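Hi everyone, thanks for coming.

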Amino acid sequence: MSGYDPFGLAKVAEEARKKARLDQKKPAPEPPPTKEEPPPKPEPGPKTILGRPRVSDDRTLALVDMLFRTVQSADVEVEAKIGLIMDRETGKRGHLPLLATEVCLNSEVADRQIMFESTLDVQVFKILNGTLNARVQSAGSGVSYKRTRESDIYYDGKLRLSRSWDKAANRFSSPEDSRAQRKIKLAHLNYLSPSSCPHDIR
């Protein structure tokens, strides 16, 4: 009975062993090529308060350089004014033969000949205010605004006492809870616009 194999199992087993030996001799199949992922897109750079991309030109670099040289603490207020740069001798608006773009004036030299008048009519102020409010309300702008109600009392020596409105008590805060400050001018820059633009900037 030792050679009896009615179902041919021995032959099947022998063929399986041969196939296994042949498979061991074959080189391992190479992995399928992977699809290269595209490089990540660079994050967009910071934008201005109006949502436009920042452009580093000479005018911007002059402002950055002034802030770097003068701002030495967090307790500094940066103020932008819209108005006119006036010629001290003629009493008229300063003029340069410009066709386009603004010019940043050297304050050490120009201040002897010019002065800045902060003038802004109601219509222009309304347009500017509406533009800034729309920017604050737009989604993802990153610009926030908090309306505060304060009362200021001025003393000699440019000392200002600011009292905040206490809504719960329906009154301004007491002098003990007020904020006292004395402003000291650190520096300024004047930007003269072409004559086609009705306003200059400080």
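Before anything else, a word on helices and strands: helices are DSSP runs of H or I with at least four residues, strands are runs of E with at least two, and both are numbered from the N terminus. This is a predicted model, where local features need pLDDT of at least 70, side-chain atom pairs count only at pLDDT 80 or more, and totals for chains, interfaces and linings use all residues. Residues are numbered from 1 along each chain as its sequence is written, and side-chain values use heavy atoms, leaving out hydrogens and water.

Okay, the overview. The chain has four helices and nine strands, and along the sequence they run α-α-β-β-α-β-α-β-β-β-β-β-β. Of its 202 residues, 14% are buried, meaning under 20% relative accessible area with a 1.4 Å probe, protein chains only.

Now the second largest pocket. A pocket is an open set of points on a 1 Å grid over the protein atoms alone, where a 1.4 Å probe fits, with protein on both sides within 12 Å along at least five of seven lines; lining residues have an atom within 4 Å of a point. Which helix gives the largest share of the lining? That's H2, with four residues. The elements giving two or more residues are helix H2 (58-70), strand S2 (103-105) and helix H3 (107-110). Met66, Cys104 and His188 are among the lining residues.

Next, helix H4, which covers residues 122-137. Its 16 residues reach 22 Å from first C-alpha to last, close to the 22 Å expected at 1.5 Å a residue, and that expected span is 1.5 Å times one less than the number of residues. At the start of H4, a side-chain oxygen of Asp121 comes to within 3.2 Å of the backbone nitrogen of Gln123.

Is His199 buried or exposed? His199 counts as buried, because its relative accessibility is 18%. You'll find His199 in the loop between strand S8 (190-192) and strand S9 (200-201). Leaving aside neighbours within four places in sequence, its contacts (heavy atoms within 4.5 Å) include Ile82, Arg93 and Val124.

Last stop: Arg182, in strand S7 (residues 179-182). Not counting residues up to four places away in sequence, Arg182 touches Gly157, Lys158 and Leu159. A polar atom of the Arg182 side chain sits 2.8 Å from the backbone oxygen of Gly157. Arg182 and Leu161 are 21 residues apart in sequence, and 8.9 Å apart in space, C-alpha to C-alpha.

Definitions and conventions: Polar contact = N/O pair within 3.5 Å; in protein donor to acceptor, adjacent residues only side chain to side chain. Buried < 20%, exposed > 50% of the residue type's maximum accessible area, 1.4 Å probe, protein only.
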